[in-house]
Amino acid sequence: MFRKIFILFAILIPFKAYSLIEVDITRGNLNPLPLAVSPLSIDETSRKNFEKILKKENIGSDISNIVENNLRTSGLFNPLDKKAFLQAPDIANLKPRFEDWNLIKAQALITGKVSYIDEKLRVEFRLWDVLAAREMMALAFTTVPTNWRRVGHIISDKVYQRLTGEKGYFDTRIIYVSEEGPKVQRVKKLAIMDQDGSNNKFLTLGNELVLTPRFNPTSQMVTYLSYFKNMPRVYLLDIETGTQEVVGDFPGMTFAPRFSPDGKKIIMSFAKDGKSDIYTMDLENRIVEKITNHPSIDTSPSYSPDGKFITFNSDRSGYQQIYVMKNDGTDVKRISFGNGLYGTPVWSPRGDLIAFTKLHKGKFYIGVMRTDGTGERLLTENYYQEAPSWSPNGRVLIFYRETKTNAKGEGFSAKLWSIDLTGYNERQIKTPTDASDPSWSSLLSN
Amino acid sequence: MRLSKILKNTLLVLTACLVLTACATKKEVATDIQGQMQGDVYTGTDTVKYLADGVPDRVFFATNESILTTASRETLRAQAAWLRKNPSINVVLEGHADERGTREYNLALGERRANAAKDYLMTYGISSDRITVLSYGKERPVDSGSNPLAWSKNRRSVTVKAN
């Protein structure tokens with residue numbers, strides 16, 4: 001479905017690429033930038049047309065709400081209360097009265113206009129630097145009306161990129177495992193949703209146990225573990241067509257799958273006779289390669305973004321630790337040396353860091369370290385949490401957290417959480433059911 | 001006024017009761033654990049089922065371990081004897097881990113535990129083609145508790161009849 005989406009970008013007015021406003025995202029941002037997201041203006045005919053098609057009373061406000069929510073949850077921006085706005089949306093979009101916006105302490109302003117043209121949704125938006133009293137960016141999109149949410153996410157990404165200098169992560173999706181039922185007999189289904197929790201959809205029925213879905217960074221394919229016919233195997237699922245196939249022909253359990261950065265290989269563990277080793281399978285020619293060969297447990301492999309290295313989890317030292325090796329399995333080096341056990345290493349899409357789960361003195365931590373193991377930083381501590389997955393720009397981690405049960409064994413829950421690389425801005429991502437094993441997609445547009 | 005006073009008193013009494021019962025249960029649990037664990041290996045019989053008279057269906061492991069204890073080896077010898085007597089029966093060894101580990105490592109650990117049991121059955125004459133190994137990692141606990149005793153019951157390999 002996403003391939004068919006047609007979005008037309010048009011730059012309305014050329015602008016110089018410099019600005020007075022800058023948002024620093026490298027440190028924890030305790031003073032988010034105050035900005036105003038004006039509702040996108042809409043003429044009455046267009047409003048009525050969209051109301052008929054989308055059952056939304058005012059699509060202009062709805063799109064601006066998505067933008068506002070995205071920018072707020074990023075923790076870098078503080079969208080101001082709309083009730084304080086002095087200028088009407090349509091007039092603001094033509095020429096803001098900067099003194100009015102200055103008065104409510106907005107440093108940036110987003111305005112825009114929605115229209116219904118040839119059965120399509122046309123959205124233009126502008127980003128203004130209030131202090132410098134000038135336009136920073138102006139773009140227009142034309143797409144099918146049902147794509148209105150994505151337009152909101154794309155605007156958010158453009159604003160984020162213009163103000164931080166880095167790509168955004170809003171026009172993305174999360175695949176995860178939905179969980180229901182008692183802890184001793186959980187029913188698990190694959191589910192997918194937009195990054196902000198909307199458009200939730202279940203992809204499997206819950207007839208068999210499914211675990212650890214991961215996105216292909218280059219397409220709408222997902223790899224995951226399914227207990228179909230009580231045989232735990234790695235599967236491939238095309239989200240667009242719903243087709244599923246088992247990956248490779250292994251005489252035993254395959255698990256912990258991930259794609260290579262070019263999307264052409266799957267890397268995973270195969271367990272046999274009490275040993276787990278790492279294998280790859282080329283999706284084009286189906287050639288299987290054994291990458292590690294050790295009597296220990298080698299699992300949770302993850303490629304570096306250039307595909308040249310693999311980080312993985314092994315207990316060859318006696319306990320779970322994190323290792324890095326070349327992509328052919330040579331030059332294995334242990335990189336985790338702190339106190340405790342280390343698991344689930346995931347290479348950052350920026351290449352500079354590895355995120356991990358750490359277990360120490362009965363507590364679980366999500367942390368990051370450099371790829372040589374130095375500079376370990378723990379971002380969050382809890383009773384149980386694991387399995388971080390990176391936002392495509394490498395700024396945010398999503399993971400899942402489970403609660404302790406009470407003396408009667410009740411009160412169990414599993415939820416998705418996100419946290420900035422800085423250790424600030426920890427947030428729960430609302431899901432219709434309990435949830436675990438999140439995996440973040442690449443940006444859908446660009 | 002009077003009512004609120006009565007309420008207050010009842011509350012006080014209730015709190016006192018709660019404190020007392022809390023203490024009582026704590027003590028109980030402590031002795032429970034002593035009777036049911038050795039090191040951190042479960043030695044109780046709470047969750048154990050029987051494949052036949054005197055043939056327990058499961059063995060238990062220490063945290064992060066897949067070594068068979070003396071008791072486990074005894075259980076597996078009983079299972080091997082029963083399997084030799086019933087040559088038409090095949091089994092699945094289901095390996096499990098507790099909830100205090102990452103999901104993927106636990107899948108591997110469950111497989112390693114079930115294989116430890118399988119190897120032992122094989123040394124007592126059970127052919128490998130009668131045994132299938134299946135790891136559930138931490139996905140199928142028997143006890144939903146978040147305490148050392150519950151975890152010890154969940155670190156297990158269970159022998160299940162396959163036919």
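Good morning. I begin with a pair of strands in chain B: β6, residues 91-96, and β8, residues 156-161, run antiparallel to each other and are joined by five bridges. Please keep in mind that the model is predicted. Within this pair, Val92(B) faces Val160(B), which belongs to β8(B).

For those new to the subject, strands of a sheet pair through backbone hydrogen bonds, and the pairing may be parallel or antiparallel.

Let us now consider the whole sheet. It is an open sheet of four strands in chain B, ordered β5-β8-β6-β7, with mixed pairing. Which strands are at the edges? They are β5 (58-60) and β7 of chain B, each of which pairs on one side only. From one strand to the next, the twist averages 20 degrees.

Next, the helices. Helix α2 of chain B, residues 70-85, lies across β5, β6 and β8 of chain B, and its direction is at about 160 degrees to β5(B). Helix α3(B) also packs on the sheet, where it touches β5, β6, β7 and β8 of chain B. The direction of α3(B) makes about 150 degrees with that of β7(B).

Finally, I turn to the contact between the chains. How many residues does each chain bring to it? Chain A contributes 32 residues and chain B contributes 24 residues. On the side of chain B that touches chain A, α3 (103-123) and β7 (131-137) of chain B each supply at least two residues. The most comes from α3(B), with ten residues.

Thank you for your attention.

Terms used
Residues are numbered from 1 along each chain as its sequence is written. Chains are lettered from A and ligands numbered from 1 in the order in which they are written. This is a predicted model: local features need pLDDT of at least 70, side-chain atom pairs count only at pLDDT 80 or more; totals for chains, interfaces and linings use all residues. Two residues are in contact if their C-beta atoms, placed from the backbone, lie within 7 Å. Two strands pair if DSSP finds at least two bridges between them. Axes are lines fitted to C-alpha atoms, for helices over the stretch in contact, and angles run from 0 to 180 degrees between N-to-C directions.
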